[in-house]
Amino acid sequence: MYISTVLSVYYRLLFVFSIILLIPTYTISQNKLPKDFCISNSEADLFYKINELRSDYGKPKLQLSASLSYVAELHTNDLQINNPDTSVCNLSSWSDNGGWTPCCYTKYLHNPDCMWDKPKETTPYPYRGYELVVFIQDDFNTDTIINLWSYSKEVLDMILTRGTYYKKKWICGGVAISDNYVSLWFGQRRDKLRNPEICNIEDAVSDTLPVIATVSSSNVYYLIFGSFDNYRDAKDAWKNIKKDSFKKSDILEKDNKYRVYLGKYGSMKEAMFTKQQLPLSYRDAWILKD
């Protein structure tokens, strides 16, 4: 009886000790957002329109997350300034010029944890995040972004948690806009931080810009597969594309870059429609207006 009692007490103590050891695993990340962090009017407007789009399809509105908006800002700035999406790396890539884990995504090799864990690495949000990011060459506004995303079934599936994302349940989201990049993040848990403040500065993206509807017939829209620093790498990529029956593909030299394109089109709508029909391995292609 005495031995049994002693063992019982021992296991209870061991159980309590185990719980204590596990507590740090569930505590909030110690990363803090800058005190002056805020989002622009255009970013707030875009998030509002995302919620409007979700409501149109019977989906609940998302909480505007300060943490995920900050992650989005970090990534758009990294893409804009450091260009980790050049050469073979796609838009989900992160450079080695910041306080985060760098990674280069390609169609052959990707590391989803690198993206999923960015909120944990950089903010107090202790859960995974899922990003939708796009490059836009021309002037744009929030209506332009919504129009572009509405043309893509794959993008809508992510926003509305359909198709590949049917098991997900978005609770919160964050957004950021730079000169050429737009980043939208989703989370499946609430952000304990308060909603981000709206900046009292003039937006970089003008709300007076026209929504893409008609374009000049002199414009050419290239469906870009990849951008390279030298012709040799571009040519190697182009040869592989030709094997996949992209007979109209070629190399475009512009701004000291060699861009391999899958085809060129007379309107944004035609380019967007073609992009939607691409095989899954080419889904990161983007549109360049010349």
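A disulfide here is a pair of cysteine sulfur atoms within 2.5 Å. The structure holds three disulfides, and the views below take them in turn.

This is a predicted model, in which local features need pLDDT of at least 70 and side-chain atom pairs count only at pLDDT 80 or more, while totals for chains, interfaces and linings use all residues. Residues are numbered from 1 along each chain as its sequence is written, and side-chain values use heavy atoms, with hydrogens and water left out.

**View 1. C38 and C199 are joined by a disulfide.** The S to S distance in this bond is 1.9 Å. The torsion about the S-S bond of C38 and C199 is about 105°, so this disulfide is right-handed. The pair ties together distant parts of the chain, 161 residues apart: C38 sits in strand β1 (residues 38-39), and C199 in the loop between β6 (197-198) and β7 (221-228). Strands (E, at least two residues) and helices (H or I, at least four residues) are DSSP runs, numbered from the N terminus. Are C38 and C199 buried or exposed? Both C38 and C199 are buried. Buried means under 20% relative accessible area, exposed means over 50%, and partly exposed is in between (1.4 Å probe, protein chains only).

**View 2. Here a disulfide joins C89 to C104.** Its sulfurs are 1.9 Å apart, S to S. Both cysteines lie in the loop between α3 (66-82) and α4 (112-116), and they are 15 residues apart. The torsion about the S-S bond of C89 and C104 is about -105°, so this link is left-handed. How do the two ends sit? C89 has 16% relative accessibility and so counts as buried, whereas C104 is partly exposed, with a relative accessible area of 35%.

**View 3. C103 pairs up with C114 in a disulfide.** The S to S distance is 2.2 Å. C103 belongs to the loop between α3 and α4, while C114 is in helix α4, eleven residues apart. With -85° about the S-S bond, the link of C103 and C114 is left-handed. You'll find C103 buried, and C114 as well.

**View 4. Stepping back, how are the bonded cysteines paired along the chain?** Number the bonded cysteines of the protein chain in sequence order and the pairing reads 1-6, 2-4, 3-5. While you're looking at cysteines, take in C172 too: at 0% relative accessibility, C172 counts as buried.
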